[in-house]
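Student: Can you walk me through this one? I have the sequence and the model open.
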Amino acid sequence: MRPIRWNSRYRSGDAETDRRNRAFVDCLNSLIDAAGRREHCRELEDVISRLSAEAEQVLQTHPADSDLSTVWGHRLRAMLPLSPHGSPACHQCGLCDLAQQKIAEHLAAPAQCLFRQG
């Protein structure tokens, strides 16, 4: 899966929204990177793919109306943990747990990276 490349046409005109959206894209890219280095379930791959495609589409078509970090933080919190989590289908990759922890931190303090470890 390829990371999202930030493009100047994604700018909304509002510096704070642009900062949050760029931070969200960076965080999403760090999840893509982490998923590329760990064996994980198909469901997580589908979530990451859908999230990337939809985020890029929103940025391309409606950058001025987008606050990705808020919208996707809430969406991801509702999606996780994935149904295979803890089941025999789970690869024990730790990405669901990491994402869930970072989402909670992000919703408490937006613009923190959702998926950076530490």
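Student: Is Cys-27 buried or exposed?
Tutor: Buried, because its relative accessibility is 2%. Buried means under 20% relative accessible area, exposed over 50%, partly exposed in between (1.4 Å probe, protein chains only). This is a predicted model: local features need pLDDT of at least 70, side-chain atom pairs count only at pLDDT 80 or more, and totals for chains, interfaces and linings use all residues. Residues are numbered from 1 along each chain as its sequence is written, and side-chain values use heavy atoms, leaving out hydrogens and water.

Student: How many disulfides does the structure hold?
Tutor: 0. A disulfide here is a pair of cysteine sulfur atoms within 2.5 Å. For Cys-90, the nearest cysteine sulfur belongs to Cys-93, 6.3 Å away.

Student: Switching to the core. Which residues touch the most other members of the largest one?
Tutor: Leu-44, Leu-68, Leu-82 and Leu-95, out of 26 residues. A nonpolar core is a set of buried Ala, Val, Leu, Ile, Met, Phe, Trp, Tyr and Cys residues joined through side-chain atoms within 4.5 Å.

Student: Which element gives the most?
Tutor: α1, with 7 residues. Helices are DSSP runs (H or I, at least four residues), numbered from the N terminus.

Student: And what does Leu-44 touch?
Tutor: Leu-82, Cys-93 and Leu-95, leaving aside residues up to four places away in sequence. Contact means heavy atoms within 4.5 Å.

Student: Where is Gln-92 found?
Tutor: In the loop between α3 (68-79) and α4 (95-108). Gln-92 has a positive phi of about 55°, although it is not a glycine. Gln-92 is exposed, with a relative accessible area of 61%.

How values were computed:
Helix = DSSP H or I, 4+ residues; strand = E, 2+ residues; numbered from the N terminus.
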